[in-house]
Amino acid sequence: MTQDELKQLVGKAAVDFIEDGMIVGLGTGSTVKYMVDYLGERVQKDGINIVGVSTSKRTAEQATNLGITIKDVDEVDHIDLTIDGADQIDKNFQGIKGGGAAHLWEKIVAINSRRNMWIVDESKMADELGSFPLPLEVIPYGSKQLLKRLDAKGYHPEFRMANGEHVLTDSKNYVIDLHMGKIEDPHALAADLDSMTGIVEHGLFLDLVNTVIVGREDGPEVLQAR
Ligand SMILES: O=C(CO)[C@H](O)[C@H](O)COP(=O)(O)O
């Protein structure tokens, strides 16, 4: 199976966890895109009644076009389950997200959810985090100074650019990717990044996920994290 087929597989499997009446956090990325397509089918064909809380403008647009009701995170009193993708997941179920520059909204939705599920193809599973560059969402003002401070710490930062322009998040912030290699202590790194002025949010998602569905050649594997 291709990577894309594995993404489709887990996208379909995840929809089985969505029950009528749920408020569902909808992640961002190519894997979640498949999940939202299948969810749209269930809403249209089976008439299930759900409300989605989107983690990006692009997912909100896709869901709305499929007839899924979307509410803002501040309009709901809880979120039952959030289904999102991930860029890397280690053996302790810690993750890196933000490859699609959506990790700020993704984390806000995740921490306000009763349960979190990640859906990934098997290439995302790793022994430890770090081979995928760690994304930061940063305030544009003073971001070159911030880049220098990150560099001085040995974090190998790089602005994320496209066609010579800064990539902008849905909140109109910049993205810096840290090319650190192996991350020895994700919690210590998260604490350091949390303490740095100018960083709005980093892509380390620690102790957040409950269920991971991994797309494997022989079918989707459901792992319970906690
Ligand atoms: O964190 C994310 C977006 O900010 C995505 O969930 C992550 O990048 C995975 O994307 P894909 O399913 O396209 O591989």
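Predicted model: local features only at pLDDT ≥ 70, side-chain atom pairs only at ≥ 80, totals over all residues.

Reader: What do the side chains do in a regular strand?

Author: In a regular strand the side chains alternate between the two faces of the sheet. Strand E8 covers residues 134-138, and five of its five residues are buried, so that E8 is mostly covered.

Reader: In what order do the strands of the open sheet lie?

Author: As a general idea, strands of a sheet pair through backbone hydrogen bonds, either parallel or antiparallel. Here an open sheet of four strands has the order E9-E12-E8-E13, and its pairing is antiparallel. Its edge strands are E9 (157-159) and E13 (199-202), each of which pairs on one side only. On average, neighbouring strands of this sheet are turned by 30° against each other, direction ignored.

Reader: Which residues stand opposite one another in this sheet?

Author: Let us take the pairs in turn. E9 and E12 (residues 174-178) run antiparallel and are joined by three bridges; Phe159 stands opposite Ile176 in E12. E8 and E12 pair in the antiparallel sense over five bridges, and there the bridge partner of Glu137 is Val175 in E12. E8 and E13 pair in the antiparallel sense over three bridges, with Val138 opposite Ile199 in E13.

Reader: In which sense do E7 and E15 pair, parallel or antiparallel?

Author: Strand E7 (residues 113-121) and strand E15 (residues 211-216) pair in the parallel sense, over five bridges. Trp118 stands opposite Val212 in E15. E15 also pairs with strand E16 (residues 219-224): these two run antiparallel and six bridges join them. Gly215 stands opposite Pro220 in E16, and a hairpin of two residues joins E15 to E16.

Reader: How is a helix to be read, and how many residues of H4 are buried?

Author: An α-helix has 3.6 residues a turn, so residues three or four places apart point the same way. Helix H4 spans 103-111, and seven of its nine residues are buried. The buried residues are His103, Leu104, Trp105, Glu106, Lys107, Val109 and Ala110. H4 lies across E8 and E13, and runs at about 65° to E13.

Reader: Which domains does the assignment give?

Author: The domain assignment of the protein gives domain 1 (3-125 + 206-224) and domain 2 (134-202). Their C-alpha centres lie 25 Å apart. In domain 1, 13 residues are in contact with 14 residues of domain 2. H4 gives the most to the side of domain 1 that touches domain 2, with four residues. The residues of that side divide into six nonpolar, five polar and two charged.

Reader: Which residues come nearest to the ligand?

Author: Of the 17 residues around the ligand, Gly29, Thr31, Gly85, Gly99 and Gly100 come nearest. Helix H2 (30-46) and helix H4 each supply at least two residues of the shell around the ligand. That shell divides into three nonpolar, ten polar and four charged residues.

Reader: Why does Val53 count as buried?

Author: Val53 counts as buried because 27 C-beta neighbours lie inside 10 Å, and the cut-off is 20 or more. Val53 is found in strand E2 (residues 51-54). Leaving aside residues up to four places away in sequence, Val53 touches Ile23, Gly25, Leu26, Lys71, Val73, Val76, Ile79 and Val109. The C-alpha atoms of Val53 and Val24 are separated by 6.0 Å, although these residues are 29 residues apart along the chain.

Reader: Where are Phe93 and Ala101 found, and what is the phi of each?

Author: Most residues other than glycine have a negative phi, and most peptide bonds are trans. Phe93 has a positive phi near 65°. Phe93 is found in the loop between strand E5 (88-89) and strand E6 (95-96), and counts as buried because 20 C-beta neighbours lie inside 10 Å. Ala101 has a positive phi near 60°. Ala101 has its place in the loop between E6 and H4, and is buried, with 24 other C-beta atoms within 10 Å.

Conventions:
Residues numbered from 1 in each chain as written. Buried ≥ 20, exposed ≤ 12 C-beta atoms within 10 Å, placed from the backbone. Contact = placed C-beta atoms within 7 Å. Near = placed C-beta within 6 Å. Nonpolar A, V, L, I, M, F, W, Y, C, P; charged D, E, K, R; others polar. Pairing = 2+ DSSP bridges. Axes fitted to C-alpha atoms, helices over the stretch in contact; angles between N-to-C directions. Domains from an automatic or database assignment.
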